[in-house]
Amino acid sequence: MKLAVLPGDGIGPEIIAQAKAVLLRLGLPLEMQEAPVGGAGYEASGDPLPASTLSLAKEADAILFGAVGDPRYDTLERAKRPEQAILALRKELGLFANLRPAQVHAELAAASALKPEVVAGLDILIVRELTGDIYFGTPRGIRTVNGVREGFDTMRYSEPEIRRIARVGFEAARKRNKGGSPRLCSVDKANVLETSQLWREIVTTEARAFPEVELTHMYVDNCAMQLVRNPKQFDVIVTGNMFGDILSDEASMLTGSIGMLPSASLDERGKGLYEPIHGTAPDIAGKGVANPLATILSAALMLRYSLDQSGAAARIEAAVKKVLQDGLRTADIHTPGTRKVGTAEMGAAVIAAL
Ligand code: IPM
Ligand code: MG
């Protein structure tokens with residue numbers, strides 16, 4: 001099994017080092033090859049996604065990704081900015097389906113900004129479309145019309161794009177097996193946007209193939225509110241690229257820390273890129289205090305979805321649960337009465353618990 005490991009910028013290298021150590025300890029025939037990406041790619045070759053990094057990613061069975069971005073590069077032209085690397089990887093590899101689970105570990109309910117009873121036991125999945133929408137729609141640009149400068153982007157979804165992500169949503173709902181009947185909530189802005197009107201129509205049609213899944217629709221503004229009012233009403237949410245970006249950050253906070261959330265980005269055959277949903281956290285980079293658990297849990301998703309190693313995935317998830325039960329906490333999830341540890345100590349504890 002060939003893995004492309006792309007640590008990236010900021011805390012990326014620190015958290016990836018821990019995930020790699022955990023993977024190595026499993027004793028699986030994993031061949032890991034590392035390559036620079038983001039600001040590190042720009043430093044190495046003048047391009048946030050160097051050609052050699054892209055071909056490594058294309059040849060690998062799966063990709064483990066840290067994070068990209070650094071304020072140092074904010075003044076570069078857009079094509080050279082670190083964020084372009086992850087956008088290009090998603091597009092080039094056809095990684096259209098982004099799965100972002102948000103689970104509240106019972107031990108961390110007190111770390112959430114919401115009341116523990118609102119979030120305890122929460123287990124939702126956001127399925128975000130990742131290669132379309134206003135992120136990639138053309139035309140886009142900054143132009144001058146009648147002497148006035150304006151910026152413009154295009155929100156756009158084709159019927160096949162909507163259909164395939166809707167199917168991922170329905171299938172994910174069907175597979176989750178949380179007990180009770182599976183539910184899918186499709187989130188759009190159909191009261192205002194044409195794109196959303198088509199979205200709603202196609203998702204509704206697709207529902208016929210999944211009679212066991214109960215489909216509802218919700219406007220994105222209402223969804224943002226419901227997520228903090230009563231998040232447990234949701235099971236699986238399916239939505240477009242832009243709404244999914246925003247709602248998944250919001251959902252991460254329900255869990256106590258963005259440092260806990262893994263994600264999988266899959267193509268049509270199940271090959272995937274796995275990354276924590278948090279960013280590079282430049283303010284704490286290099287200090288050895290970042291939470292490696294989102295990345296370690298991303299490695300678990302990788303084993304399950306792309307490498308057919310669900311047993312090993314479950315071992316990692318159980319080990320993470322154990323260290324949380326033992327009271328170990330990085331700074332982002334630390335609460336009184338628990339033991340504050342750094343990145344390396346957290347990684348070592350997961351390995352010990354395997
Ligand atoms: C994410 C990030 C990216 C996105 C950025 C880094 C381009 O926010 O993965 O959610 O907007 O998709
Ligand atoms: Mg985001």
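Helices here are DSSP runs of H or I with at least four residues, strands are runs of E with at least two, and both are numbered from the N terminus.

I noted that this is a predicted model, in which local features need pLDDT of at least 70 and side-chain atom pairs count only at pLDDT 80 or more, while totals for chains, interfaces and linings use all residues. Residues are numbered from 1 along each chain as its sequence is written, and chains are lettered from A and ligands numbered from 1 in the order in which they are written.

I checked burial next. A residue is buried if 20 or more other C-beta atoms lie within 10 Å of its own, exposed if 12 or fewer, and partly exposed in between, with C-beta atoms placed from the backbone. Gln-197 is partly exposed because 14 other C-beta atoms lie within 10 Å. I also looked up its distance to Val-320: the two C-alpha atoms are 42 Å apart, and 123 residues separate the pair along the chain.

I turned to the loop between β5 (123-129) and β6 (141-145), where Pro-139 lies. Thr-138 and Pro-139 are joined by a cis peptide bond, with omega about 0 degrees. Asp-133 is in the loop between β5 and β6 too. Its phi is positive, near 70 degrees, and Asp-133 is not a glycine. Asp-133 is buried, because 24 other C-beta atoms lie within 10 Å.

My last entry is Asn-146, in the loop between β6 and β7 (148-152). Asn-146 is not a glycine, yet its phi is positive, about 50 degrees. Is Asn-146 buried or exposed? Asn-146 counts as exposed, because it has 5 C-beta neighbours inside 10 Å.
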